[in-house]
Amino acid sequence: MPASYRFSFGPWNIHEGADPFGPPVRKSFAFDEKLRAYIDLGFTGVQFHDDDVVPEIDRFSHREALSKARDVKKRLDDLGLVAEFVAPRLWEDPRTIDGGYTSNDADEREYAVERSVRSVEIAREIGCDLIVLWLAREGTYIREAKDPKLAVARIVDACNRILAADPGIRIAIEPKPNEPMDQAYLPTMGHACATAYLTSDPPRVGALMESAHAILAGLDPSDEMAYAFAHDKLFSVHFNDQNGLKYDQDKVFGSVDLRRAFNQVRVLERNGYGSRGEWVGLDVKVQRTQRREDSFAHLAHSKEVFELLVEKARSLDEARVEDFRAARDYEGLDAFVLRHLLGA
Ligand code: XUL
Ligand code: MN
């Protein structure tokens, strides 16, 4: 385990509070103001969608987009910030209404793949080697809409085109079971890993596990992360929390279930996460009720909870855990863990 972790989040985590039922309730912060917040909050990594780097990216030629990306890189360098990844935003353009890679329309599939390949060059320009694929609309509202086996092949083909664009680029698939689709094609870590093995260069394809996405799939986030570790594929994480099977809530890390959060930190600690440069990423949303000037507290709180849980993970007497396991005394282990978390 590293002595300390590096933290990242995406600029979309500081937002205006719009939800499906109401408009924005806070004025936007300018990109530079957001970058300043990274410094104030002690974060050094920035996660980007392609159009976080180049807003309205489709309006610009590739050359113009790269030149704008170079400007962003300079702003990062000046502040001592580092780009962690670029994620092509394949869910807003009208050409991605039916999904990107799995659209039933060949032109739309090509748009999605080309946009993803452009993201590779943008990633290189801002100094990172990781593409994150949260495949928002790759799935269906009704089962008969698409051929699910063909969809797998199409997703693999898209990954192969991204890998072929740059021999050093890596892909992290971010699984999520639903929302916006009823059923997504890459719902769990198992699906992400299996897809990676179907690609042309499996070691370069891994996953980003988001806590809330595992919970929405009815799975335990720390077990999903452990599964990725078993395949050497945990390239990144999005820590947050989620209260049951509702809309994707992106709550403060640990705010719903501290023990579940503890186990996520512990699985990172026990598997050397961070020793190869992996970031502790957050994907948390500020509450809609928050005043504009307090729009950053959710990030500070999540980072603080993570750090406090690192102390809890490091001070857990693992020899005692082994004793309880050997005795098959899981009631005893349960109480031991709870007392440790409560400081009793
Ligand atoms: C969606 C989600 C996204 C990705 C980045 O649920 O988590 O913010 O993390 O595209
Ligand atoms: Mn996420």
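In H9, Leu258, Ala261, Phe262, Val265, Arg266, Leu268 and Glu269 meet Val305, Phe306, Leu309, Val310, Lys312, Ala313 and Arg314 of H10. Contact here means heavy atoms within 4.5 Å. By class, this contact of H9 with H10 holds 10 nonpolar, no polar and four charged residues. Ala, Val, Leu, Ile, Met, Phe, Trp, Tyr, Cys and Pro count as nonpolar, Asp, Glu, Lys and Arg as charged, and the others, Gly among them, as polar.

This is a predicted model: local features need pLDDT of at least 70, side-chain atom pairs count only at pLDDT 80 or more, and totals for chains, interfaces and linings use all residues. Residues are numbered from 1 along each chain as its sequence is written, chains are lettered from A and ligands numbered from 1 in the order in which they are written, and side-chain values use heavy atoms, with hydrogens and water left out.

**Helix packing**

Helices (H or I, at least four residues) and strands (E, at least two) are DSSP runs, numbered from the N terminus. The axes of H9 and H10 (residues 297–315) come within 9 Å and cross at roughly 70°. Axes are lines fitted to C-alpha atoms, for helices over the stretch in contact, with angles from 0 to 180 degrees between N-to-C directions. H9 and H10 are therefore roughly perpendicular (65 to 115 degrees).

H9 (residues 258–270) also packs with H8 (residues 221–230), at about 15° and with axes 8 Å apart. H8 and H9 are therefore roughly parallel (under 35 degrees). Pro221, Ser222, Met225, Ala226 and Phe229 of H8 make the contact with Arg260, Asn263, Gln264, Val267 and Leu268 of H9. Six of the residues in this H8–H9 contact are nonpolar, three polar and one charged.

**Ligand 1**

Residues around ligand 1 (a heavy atom within 4 Å) include Trp12, Trp91, Trp134, Glu174, Glu210 and His238. The table gives polar contacts, pairs of N or O atoms within 3.5 Å.

| Side chain (N or O atom) | Ligand 1 atom | Distance |
|---|---|---|
| His49 | oxygen | 2.8 Å |
| Lys176 | oxygen | 3.0 Å |
| Asp283 | oxygen | 2.9 Å |

**Backbone details**

Glu179 and Pro180 are joined by a cis peptide bond, with omega about 10°. Pro180 sits in the loop between strands S6 (170–173) and S7 (183–184). Asp232 lies in the loop between H8 and strand S9 (234–238). Its phi is near 55°, positive in a residue other than glycine.

Definitions and conventions
Angles under 35 degrees count as roughly parallel, over 145 as roughly antiparallel, 65 to 115 as roughly perpendicular and the rest as oblique. A polar contact is a pair of N or O atoms within 3.5 Å; within protein, one must be able to donate a hydrogen and the other to accept it, and residues adjacent in sequence count only if both atoms are side-chain atoms.
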